[in-house]
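These are my notebook entries on one protein chain. Each entry records what I looked up and what I found.

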Amino acid sequence: MKTLIENFGRFNDHVVEKIVLKNNNNFQISLLSQGAIWNEFSVPVEENKKINLLLNFNSIDSYYSNPFYIGMSIGRTGGRIKAGKLTLNDTTYNLSQNENTNTLHGGETGFHSFIWDYETFQTDDTVSVVFSKRVSPQDDSYPGVLDVEIEYILNNKNEVIINYYGKAVDQDTVFNPTNHAYFNLEQSDNILDHELKINSHQILSMGQEKIPTGLFKETAGTPYDFHKFTFLKNAIEDLQSIPEKGIDDVFYIDQPSDCPIATLKSNRFNHQIDIYSQRNGLVVFTANSFTSDMNLSTGKGHPYQGIALESQTLPDTLNHKNFGNILLKKGQSVTYQTKIAYTHN
Ligand code: FUC
């Protein structure tokens, strides 16, 4: 096990640190203190060859010069909230409206925008970093003070475990964090030849501006049916006539979900990642609208370069009784876990 701290340049006048965590099998992840960004998941694929399974940038400025939240930590709430209005205990809070009049991914001042404190830890079998911050309403306009810790662990089973801990300090609040990593298991031009399986039979129906209507749609017989392994190119080809020209949807996970909620597989390298989470939602976004002004470390941005698999509680939660519970009562704490398990088949 090994931990290294490197300099990743400066952002808004402060130094950004890159925390590199290595296990005993030549796997490595790295994270950035700015935005608690997951920047790298490098795995050995052939003798003397490693590839990074995540899209990333070589400079911190490039992360923030596009609207795609690449690798970023997302909170207090993932997804969209209509008109930026969050009503809790009969009080309506006006959140940052960063997509038309709606709030997306915690608004402009969400978790992705913070400089995080961090500490690193090592055991015989794990190497980890814990990012922490006390988030106040002055920081992000959400109700109440929220203590947050985001822990990234790499272990010798070649799993990456993300633990999101939240505690409502002085009043009730909401907590629905996720991570916005984009995977490409081949470090290739696109993910069209990847196969995807999701433990789901339904997606959320979306109204204008992709705000959930409260209804669920069966996926059987549609391009969104990933109940069995399906090549992403098949789905994406079938979705060329819709405005998104690809997948940008919220999958409702079959409950209870002790098996992986999703598996992404590359036959070229004969490897896969299995994603485990106890939460009821998975947002899948196939980078449909990436643009050529994005200078990713593997080249210019373009559609279908990667796939984001965001495990979370269904978005716009407070507006729909059956979407789950993201409420944290004063004094209450919760930990959500997402596990990404790598296997070479
Ligand atoms: C996903 C999508 C959005 C957005 C964002 C960057 O969560 O639902 O449409 O583009 O990623």
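I began with strands β12 (residues 126-135) and β13 (residues 146-155), which pair in the antiparallel sense over 10 bridges. Strands here are DSSP runs of E with at least two residues, numbered from the N terminus, and two strands pair if DSSP finds at least two bridges between them. Lys133 stands opposite Val148 in β13.

I noted the origin of the model before going further. It is a predicted model, in which local features need pLDDT of at least 70 and side-chain atom pairs count only at pLDDT 80 or more, while totals for chains, interfaces and linings use all residues. Residues are numbered from 1 along each chain as its sequence is written, and side-chain values use heavy atoms, with hydrogens and water left out.

I then traced the sheet. It is open and has 9 strands, in the order β11-β12-β13-β14-β30-β24-β23-β18-β21, with antiparallel pairing. Its edge strands, β11 (117-122) and β21 (230-231), each pair on one side only.

Next I turned to β8 (residues 85-88). Leu86 and Leu88 form its covered face, and Lys85 and Thr87 its uncovered one. β8 pairs with β9 (residues 91-94) in the antiparallel sense over 4 bridges, and the bridge partner of Leu86 in β9 is Tyr93. This hairpin has 2 residues between the strands, and Asn89 takes a positive phi near 50 degrees.

Is Asn39 buried or exposed? I found Asn39 in strand β4 (residues 37-46). Asn39 is buried, with a relative accessible area of 2% (buried means under 20%, exposed over 50%, partly exposed in between, with a 1.4 Å probe and protein chains only). The side chain of Asn39 makes a polar contact with the side chain of Tyr63 at 2.7 Å; such a contact is a pair of N or O atoms within 3.5 Å, where, within protein, one must be able to donate a hydrogen and the other to accept it, and residues adjacent in sequence count only if both atoms are side-chain atoms.

Finally, I examined the largest pocket, which has a volume of about 700 Å³. A pocket is an open set of points on a 1 Å grid over the protein atoms alone, where a 1.4 Å probe fits, with protein on both sides within 12 Å along at least five of seven lines; lining residues have an atom within 4 Å of a point. Of its 37 lining residues, Pro67, Tyr69, Glu99, Leu104 and His105 are the closest to its centre. The largest share of the lining, 3 residues, comes from β22.

Conventions: Grid points are joined across faces, edges and corners, and a volume is the space filled by probe spheres set on the points.
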